[in-house]
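Dear colleague,

My findings follow it, and I would be grateful if you would read them alongside the coordinates.

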Amino acid sequence: MTSTNALRCTLITTLALVLISLMAGCLPTTSFDELKASQTDFFASSSGDTLKVIVSSNEAWEAKSAEDWLHPNAVRGTANGQIRMTVKVDPNFGKTERKGAVEITTGAQSVTLNVTQGFGNVDISNQQYDLKVIFHVLYNADNEKRLQEKNSPTDDLDDYYPINSTQLQGILDQVNDIYKGWPVEPSGWGRDPRYYEDGPRPFTNLNLRFSLATQDPEGKQLTPAGIIRHEITDKDLAIEAVMDDKPGGTYYEMGFPVSRYINVYIFPFRPDGDPNLMTLGVAHLPHAPGFHPIEGLAVYDKRVDKFPNYNHCVVINSKIFEPLQQRNLPQGKDTPYKTIAHELGHIVGLMHVFGEEVKDKGLVMANSCIDSDHVKDTGSYNRVAYQAEFSNAVATNNNTIDLNNSELMRTLRSRYDCEKQKKYLSTNVMDYDWTYGDRFTKGQYDRVRDVLYYCLDIPGFKIENPSPTKAGGLPDAEPRAVKCTAFLGQGSGMGLGVLLPECRGTAHPE
């Protein structure tokens, strides 16, 4: 090769490397004397914005923001390098200008990117909320080995596999289908003639989706997405051990900031003492700020990463992921996603559609017509009366549930609307027992939007969004949780058994 050709090849290679570096957002490497940003003061549009800045440093650095509405795309950089960083700014739905900052630090050096955002006529009603979910899977290795040893080499119908990111993504896809009004359509014996009496799909769209978190609170990539598996030595855990955990406790410290993530713990629940009972899940309700109270919710005015006196979260019984357990449940293999859809409904502020009343600091089923979910169009009913009707119907059918008995199935899926004084088909996500559990109402949409707009312990855009306050020195919050316990019976022969769940709320789990 001639010297001219060699020089040409060297130039081409150098230019290609520079081009690749620029495309990746990194500028050519050189030496720098200090941490520096090309611009430190920004004004962002009220409708949202993307700010651009070049960061250079002689040391490795990290970027963080205390504000939920500021999102730097790069959270760390290397020594003697430059990065083109962007900061995504969420729309400002408030009525005043707001200020925030992104702090870039090396340890000894720091640079602050100051952001001022205007306010204006920004419509929040059309915004889709995308809430990040982190699943903390607490597993016992011996339990998992025992379950997998039962797997059949020839028939995988009842095979068990450890809970993983791919499985959870599939579950959230099904949950999101329900929340956007496009649930899986039942067919054959599974579809009641009344299924579409209120109109065809799409049903009510909550304009809300849940997605697996891809980064931890420090900006580190989560691989795989949305799940952290923690091995535990106990074969099962008491629900209170996780939900009532305090600062410094194992499960409390696992949790991500509640203003940015929904924490869902999956673990084998310790039995309640009755072998015929199984608790499927429990969820805390959100808190409303004092300046905007919401019926049925406790008040808390601070935006915190975590509450100082309990672990705000959803807990799911990992036993509902076991195929042999699913045989005893009416939803069968749909139990995991139907249960998670229901519990996520609680954490965004929805109550059960049946009547409940406060008793001994908790919520119990009311043997009367009480509209206790604070939503007018959900068809509140007396669940105690329903359960009596359920028991009578099953007893007259030789204590079995024949899925081909249309009259029996019509009875089990029917509720009596206290206000309208007529029977209707149970389809609401926030109901239990024999229900399709696959849609919401317009009234529930309105309540969830109210919660998303104002409650500070739920991620997403806020009409008023104060900076988070650290847990130290904060007043205790009032935890309110809703617990759903299933009464297990004999299987029906089709993988679906008699389930008579009892869902109740507790104002003070402790």
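**Findings: sheet, cores and overall composition**

In this predicted model, five strands form an open sheet with mixed pairing, in the order β2-β9-β8-β4-β6. The edges are taken by β2 (41-44) and β6 (76-77); each has a single partner strand, so one side of each is left without a neighbour in the sheet. The partner of β2 is strand β9 (residues 110-117), which runs parallel to β2 and is joined to it by four bridges. Within this pair, Asp41 stands opposite Asn114 in β9.

I next examined the nonpolar cores. The largest comprises 72 residues, and Tyr179, Leu208, Phe210 and Leu412 have the most contacts inside it. Leaving aside residues up to four places away in sequence, Leu208 touches Gln128, Tyr129, Leu131, Asn176, Tyr179, Val348, Val448 and Leu452. Another core lies apart from that one; it has 21 residues, including Leu35, Val102, Ile104 and Val115. In soluble globular proteins, nonpolar side chains tend to be buried together.

As for the protein chain as a whole, its secondary structure amounts to ten helices and 22 strands. Of its 510 residues, 52% are buried. The chain exposes about 23600 Å², of which carbon and sulfur atoms supply 51%. Among its contacts between residues at least 6 apart in sequence, 70% join residues at least 24 apart.

With kind regards

How values were computed
Residues are numbered from 1 along each chain as its sequence is written. This is a predicted model: local features need pLDDT of at least 70, side-chain atom pairs count only at pLDDT 80 or more; totals for chains, interfaces and linings use all residues. Side-chain values use heavy atoms; hydrogens and water are left out. Helices (H or I, at least four residues) and strands (E, at least two) are DSSP runs, numbered from the N terminus. Buried means under 20% relative accessible area, exposed over 50%, partly exposed in between (1.4 Å probe, protein chains only). Contact means heavy atoms within 4.5 Å. Accessible areas come from the Shrake-Rupley method with a 1.4 Å probe; for residues, only the protein chains shown count as cover. Two strands pair if DSSP finds at least two bridges between them. A nonpolar core is a set of buried Ala, Val, Leu, Ile, Met, Phe, Trp, Tyr and Cys residues joined through side-chain atoms within 4.5 Å.
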